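Please take a look at the model shown below. The text then leads through it, one region at a time.

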Amino acid sequence: MIVELVMFTIIAFALFVFMFFKMIQKNDTTYIPTLVLEALGIAMKFTEMLFKFHLPIIFNVLAYVFSIILPIFIVSIEQKGLNLMEIVNIVEAKCFMIFKNNKNAKKLLIDLVTKYSNSYYGHKILAEIYEQEGGMRKSIDEYVQAIDINKKDYDSYYKVANLLNQLEKKDEAKQMLENLLDKRPNYLEASELLGNILIEQEKFKEAVIIYNDALKYNPTSYELNYSLGIAYTMLNDFQSAKTYYEKAASLNSLLYNSKYNLAEIALIYKELEEAEKYFMEIIGDEELEADAYLELAKISMIKGEKEKAINFANIAIESNADKIVTKIKNDTVFIPILTKIAIPFNTDQEIINKKSKLKSKEIKAKEHLEEMFEITRKLSYNDIRLLKNSKGNLIKEDNKKQKER
């Protein structure tokens, strides 16, 4: 009993002195609560020794926790590069964030990174708050400092690239993403973002390389297969595009964008039955339904089924008059039935102002396929067979001739 008390007193007092000098050295009052608890634990055991009685078990446990276990735990954490002030401030900041009090959380974290510039978590959480508030440039600065401290923080690499992209600094975002993929080639979101930027910049061959590399690690990704289909579409390589659209459609049959593009490719190849099948599957999709009905009307006109074409055209107008009416008026295929189509004098302003849910790359691919269908409508079946083996060269030549005229 006496030996235990003597050992406890020596160890506890040594830890108390160590923590006290740590507080003086760092000029950090965060250590005061720990010192108070240590002193309380020492006092409990000293009272037991002084008055020669046994403390209840719970008090003995608390004495050891306060005086020995707690300070050893703090020292061990600090050996890993953290410090008590950092831990306390981060926990407090997280609590403020839970209760939507970003102002106080931000103040705590700014104080923390001001005093401890190498606080990785301080910089990272502060970056997240700035990002939530829309302060993208400040957020980038904090994420960059977090990366400087922890070179393996790949998520912050991606965050910086994404924010740079939003700020229209595409080349800087590309550089950041390329660096990230060199270090971690299986980072799916980085590949997707880099591919999207390349498509936006019309660097379609480079986008194909990025998406193909990413597919090695994520072969069942709908987004990668669909995006690869878009990249091949813009290269007029419709056979390859078809392959990846089909894979995307098999991975997620409820997303109809792949099916719409497959239908347009079928139209380009004059495979009307297949195109019709895909367009019928799209009906019911809020975004693409009107376009699907319009394309079905075109197919009906090509087949000579005028009544069916009138019916499909009218349904398309009911779905989205503002979009469809202009297309019908500008397409010569509808001239024979134009007077029988119910074209309204005024369109619904609510429909006019409706924003498309499609991404820019999806709109670009959709419009490109529709344009290519208009061009290939004039090609013979022999030309179409050549097209399937030419990876779009025939279309490029035909398009070039039309522009020269």
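Start with helix 13, where Phe238, Ser240, Ala241, Lys242, Tyr245, Ala248 and Ala249 are buried. Buried means under 20% relative accessible area, exposed means over 50%, and partly exposed lies in between (1.4 Å probe, protein chains only). Helices (H or I, at least four residues) and strands (E, at least two) are DSSP runs, numbered from the N terminus. Helix 13 covers residues 238-251. Its 14 residues should span 20 Å at 1.5 Å a residue, and the end C-alpha atoms are 20 Å apart, so the two values agree. The expected span is 1.5 Å times one less than the number of residues.

Some ground rules. This is a predicted model in which local features need pLDDT of at least 70 and side-chain atom pairs count only at pLDDT 80 or more, while totals for chains, interfaces and linings use all residues. Residues are numbered from 1 along each chain as its sequence is written, and side-chain values use heavy atoms, with hydrogens and water left out.

Now the whole chain. It has 22 helices and 0 strands. The C-alpha trace spans about 110 × 40 × 35 Å along its principal axes. The radius of gyration is 34 Å, whereas a compact globule of 405 residues would have a value near 22 Å. That radius is taken over C-alpha atoms, and the globule rule is 2.2 Å times the number of residues to the power 0.38.

Of the 405 residues, 47% count as buried. Contact means heavy atoms within 4.5 Å. Among the contacts with a separation of 6 or more, 58% join residues 24 or more positions apart. The chain exposes about 21,800 Å², and carbon and sulfur atoms supply 57% of that area. Accessible areas come from the Shrake-Rupley method with a 1.4 Å probe; for residues, only the protein chains shown count as cover.

Charge comes next. There are 55 positive and 58 negative side chains, and the centres of the two sets lie 2 Å apart. Lys and Arg count as positive and Asp and Glu as negative, while His and the chain ends are not counted. Each charge is placed at NZ of Lys, CZ of Arg, CG of Asp or CD of Glu.

Helix 1 runs over residues 2-26. It has 25 residues and reaches 36 Å from its first C-alpha to its last, close to the 36 Å expected. Which residues of helix 1 are buried? They are Leu5, Phe8, Ala12, Leu15, Met19, Lys22 and Met23. The buried residues pack against helix 2 (32-51) and helix 3 (57-79). Asparagine 27 follows helix 1, with a positive phi near 55 degrees.

Further along, leucine 109 lies in helix 5 (residues 102-115). It counts as buried because its relative accessibility is 0%. Leaving out residues up to four places away in sequence, leucine 109 touches Ile90, Ala93, Gly122, Ile125, Leu126 and Ile129. Leucine 109 and lysine 277 are 168 residues apart in sequence, and their C-alpha atoms are 58 Å apart in space.

Histidine 123 is in helix 6 (residues 120-133). Why does histidine 123 count as buried? Because its relative accessibility is 2%. Not counting residues up to four places away, histidine 123 touches Val113, Ser117, Glu142, Gln145, Ala146 and Ile149.

Two loop residues deserve a look. Glutamate 168 sits between helix 8 (154-166) and helix 9 (170-183). Its phi is positive, near 65 degrees, in a residue other than glycine. At 56% relative accessibility, glutamate 168 counts as exposed. Lysine 270 sits in the loop between helix 14 (257-268) and helix 15 (272-282). Its phi is also positive, near 60 degrees. Lysine 270 counts as buried, at 19% relative accessibility.

Helix 12 (residues 222-234) has 13 residues and reaches 19 Å, close to the 18 Å expected. How many of its residues are buried? The count is 13 of 13. Asparagine 236 follows helix 12, with a positive phi near 65 degrees.

Finish at isoleucine 317, in helix 17 (residues 306-319). It counts as buried at 6% relative accessibility. Neighbours within four places aside, isoleucine 317 is in contact with Ile324, Val325, Ile328, Ile341, Ala342, Ile343 and Pro344. Isoleucine 343 is 26 residues from isoleucine 317 along the chain, with 7.4 Å between their C-alpha atoms.
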